[in-house]
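Let's take a walk through this model together, beginning with a pair of helices and ending with some aromatic rings.

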Amino acid sequence: MTRIKRGNIARRRRTKIRLFASSFRGAHSRLTRTITQQKIRALFSAYRDRGRQKRDFRRLWITRINAVIRGKSVYYNYNRLIHNLYKRQLLLNRKILAQIAILNRNCLYMISNEIIK
């Protein structure tokens with residue numbers, strides 16, 4: 001039987017993995033087994049942190065809205081604002097409300113006063 005030269009497919013696979021891990025430090029970018037482990041870990045962290053990022057931004061927006069609303073009056077807070085928004089069927093999400101709170105506080109005060117009436 002003739003000799004079969006091997007390695008093209010495996011080499012292609014390894015170079016593809018190496019390109020993914022080229023920015024990693026030390027053995028994480030040089031050794032094939034370590035590279036595959038780090039790739040799995042990196043992709044898992046990216047997947048997990050996409051959800052966490054959404055959570056963190058929502059918390060940030062809520063904190064900003066609450067800080068601005070409480071600054072105006074003592075008895076009014078974020079919880080009541082959102083409840084009244086839903087009652088009036090005003091479709092403003094938290095991201096937009098947080099931007100309004102930072103860039104134009106008077107506008108947010110006007111919105112909250114209109115809702116209370």
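Helix α3 passes α5 in a left-handed crossing. In this predicted model, α3 covers residues 78-88 and α5 covers residues 105-116; their axes come within 10 Å and cross at roughly 60 degrees. If you want to find the contact on screen, look on the α3 side for Leu81, Asn84, Leu85 and Arg88, which meet Ser112, Glu114 and Ile115 of α5.

Now for the rings. A pair of aromatic rings is described by how far apart the centres are and by the angle of the planes. The structure has two such pairs. One is made by Phe20 and Phe24, whose centres are 6.1 Å apart with 85 degrees between the planes, an edge-to-face arrangement. Phe20 has a relative accessibility of 35%, so this residue counts as partly exposed. Phe24, at 24%, is partly exposed too, because the buried class needs a value under 20%. Phe20 also has a charged neighbour: Lys39 lies over the face of the Phe20 ring, 5.6 Å from its centre.

The other pair joins Phe57 and Trp61, with ring centres 6.0 Å apart; the planes are at 35 degrees, so this pair is tilted. Both residues belong to helix α2 (residues 32-72), where they sit four residues apart, about one turn of the helix. How accessible are Phe57 and Trp61? Phe57 is partly exposed at 40% relative accessibility, and Trp61 is partly exposed at 22%.

Definitions and conventions: Residues are numbered from 1 along each chain as its sequence is written. This is a predicted model: local features need pLDDT of at least 70, side-chain atom pairs count only at pLDDT 80 or more; totals for chains, interfaces and linings use all residues. Side-chain values use heavy atoms; hydrogens and water are left out. Rings of Phe, Tyr and Trp (its six-membered ring) pair if their centres lie within 6.5 Å; planes under 30 degrees apart count as stacked, over 60 as edge-to-face and the rest as tilted. Buried means under 20% relative accessible area, exposed over 50%, partly exposed in between (1.4 Å probe, protein chains only). Helices (H or I, at least four residues) and strands (E, at least two) are DSSP runs, numbered from the N terminus. A charge sits over a ring if NZ of Lys or CZ of Arg is within 6 Å of the ring centre and within 35 degrees of the ring normal. Axes are lines fitted to C-alpha atoms, for helices over the stretch in contact, and angles run from 0 to 180 degrees between N-to-C directions. A crossing is left-handed if the near helix is turned anticlockwise from the far one by less than a right angle, and right-handed if clockwise. Contact means heavy atoms within 4.5 Å.
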